[in-house]
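Me: I have a two-chain model open here. Can you walk me through it?

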Amino acid sequence: MTSRILQASILILLAVATSLTVNSLSPAGIPLIGNWPSVSDSDSVAVPPSAEEGDPPFISLDEAAALYQKREVIFIDARNPEDYIYGHIRGAINIPYDFLPVDRLEEFWRETVQVAPKENDIVTYCSGLECESSLHLGREMASQGYTKIHIFYGGWREWERAGLPVTKGNQPE
Amino acid sequence: MSDTRSIWHNDYLGLVSRLAVGLIFIYASLDKIGDPAQFARIIYNYHLLPGQFINLASLIMPWVELICGVALILGPGKDGAILVLNALVAVFIVAIAINLVRGVDLECGCFTVSSKAKSNALNLLIRDVGLLALGLYAMFNKATRFFLFRYPA
């Protein structure tokens, strides 16, 4: 029995060492301590009434929190700049859908690709249930060739209420 | 009258049970190793672990499954490996049973992290009790043939 427990301990230590090493090197790696919502009914997906077949997938709060752990995910706040400055998901960049520069859209998306590459996971959000700019921005980005768009329709309100990381000001962090 | 001792010494049953449990865990580990963020979300939805331990559990658990699964099949450390795997299944059974009592249908997180399909907790419980029975048999089987490597027991 002693040797059994010794073997078990060695195997577990080996697994701990391997997992932490692989995680630090892997592009799919996650932080060792993550941020998870404190509310309990976080896995129901909010979908806007105007959603259509072929829209990018809508994700729940827990899925947004899971994606947030990833290194190469980009959160995009689709609300107006004054809302963004008042408070946003920490690390999110601001692309106000209502203020997209319609006269020079092509150039705008060329610049945006520099900060938000097309192959990355992208999460768009706005205020929550009464706004649709996250959906419209998600559709627009999908049409620009973004392949991994997720629309977090529960948005700012769900995120903030769950006690997940937020910040103020005109900078992402 | 059958000889009850012989079941615990049957080389072939020992081999089959070790192979089965080992392969099940190796297979189960692969998807989770590939996407720890999604596996962490599934663990979070069991609502059993405090938030600060969720990511660590989601990173380490699949590697425990993989390494112990391999050790169980190849032989070195197989006695320790089956102990760890049976303990894991016992933990799964408790976790699923708690959520069965709570009346929650879970995402299992057993073999895949890619679907949001909920599983019926009672089916998961029955499946894991079967796996534990198989694992306990593998643990108490005394056969020593068919190891690729021998190791002091």
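Reply: Here is a quick tour, taken topic by topic.

Me: What are the ipTM and pTM scores of the model?

Reply: This is a predicted model. It scores ipTM 0.88 and pTM 0.85.

Me: And what is the mean pLDDT of chain B?

Reply: The mean for chain B is 88. Of its residues, 90% reach 70 or more.

Me: Which elements of chain B have the lowest and the highest mean pLDDT?

Reply: Helix H1 of chain B, residues 4–9, has the lowest, at 76. H4(B) has the highest, at 96.

Me: OK, folds. How many helices and strands in chain A?

Reply: Chain A has six helices and six strands. Along the sequence the pattern runs α-α-β-α-β-β-α-β-α-β-α-β.

Me: What box do the C-alpha atoms of chain A fill?

Reply: Roughly 75 × 35 × 35 Å, along the principal axes.

Me: How much of chain A counts as buried?

Reply: Of its 173 residues, 34% count as buried. Among contacts in chain A with a separation of 6 or more, 70% join residues 24 or more positions apart.

Me: Now chain B. What does its secondary structure come to?

Reply: Six helices and zero strands. The pattern is α-α-α-α-α-α. Chain B has 153 residues, and 43% of them are buried. For contacts in chain B with a separation of 6 or more, residues 24 or more positions apart account for 71%.

Me: Let's look at H4 of chain B. What span should it have?

Reply: H4(B) covers residues 51–74, which is 24 residues. At 1.5 Å a residue, that should span 34 Å. The end C-alpha atoms are 36 Å apart, which agrees.

Me: Where does H4(B) bend?

Reply: At B:Ala57, by about 35 degrees.

Me: Is H4(B) mostly covered or mostly open?

Reply: Mostly covered. Of its 24 residues, 17 are buried.

Me: What comes just after H4(B)?

Reply: B:Gly75, with a positive phi of about 115 degrees. B:Pro76 lies in the loop between H4 and H5 of chain B. B:Pro76 counts as partly exposed because it has 17 C-beta neighbours inside 10 Å.

Me: How far is B:Pro76 from B:Arg102?

Reply: Their C-alpha atoms are separated by 41 Å. Along the chain they are 26 residues apart.

Me: Which residue other than glycine has a positive phi near 50 degrees?

Reply: B:His47. B:His47 sits in the loop between H3 and H4 of chain B. With 14 C-beta neighbours inside 10 Å, B:His47 counts as partly exposed.

Me: Which residues of H6(B) are buried?

Reply: B:Ala121, B:Leu124, B:Asp128, B:Leu131, B:Gly135, B:Tyr137 and B:Ala138. The buried residues of H6(B) pack against helix H2 (11–34) and H5 of chain B.

Me: On to the interface. How many residues are in contact between the chains?

Reply: 29 residues of chain B are in contact with 31 residues of chain A. On the chain B side, H3, H4 and helix H5 (78–102) each give two or more residues. The largest share, twelve residues, comes from H4(B).

Me: What classes of residue are on that side of chain B?

Reply: 17 nonpolar, nine polar and three charged.

Me: Last topic, cores. Which residues touch the most other members of the largest nonpolar core?

Reply: A:Ala64, A:Ile76, A:Val123, A:Tyr125 and B:Ala40, in a core of 40 residues. Several elements of chain A supply at least two residues each, including helix H2 (61–68), strand S1 (73–77) and strand S4 (121–125). Helix H3 (36–44) of chain B also supplies at least two.

Me: What does A:Ile76 touch?

Reply: Leaving out residues up to four places away in sequence, A:Ile76 touches A:Ala92, A:Ile93, A:Ile95, A:Ala116, A:Ile122, A:Val123, A:Thr124 and A:Leu137.

Me: And what does the second core include?

Reply: The second core is separate and has 34 residues. Among them are A:Ala15, B:Val21, B:Trp63 and B:Ala121. B:Ala121 is also one of the buried residues of H6(B).

Terms used:
Residues numbered from 1 in each chain as written. Chains lettered and ligands numbered in written order. Predicted model: local features only at pLDDT ≥ 70, side-chain atom pairs only at ≥ 80, totals over all residues. Core = buried A, V, L, I, M, F, W, Y, C linked by C-beta atoms within 7 Å. Buried ≥ 20, exposed ≤ 12 C-beta atoms within 10 Å, placed from the backbone. Helix = DSSP H or I, 4+ residues; strand = E, 2+ residues; numbered from the N terminus. Contact = placed C-beta atoms within 7 Å. Expected span 1.5 Å × (residues − 1). Bend = angle between axes of the 7 residues up to and from the residue. Nonpolar A, V, L, I, M, F, W, Y, C, P; charged D, E, K, R; others polar. pLDDT = per-residue confidence, 0-100.
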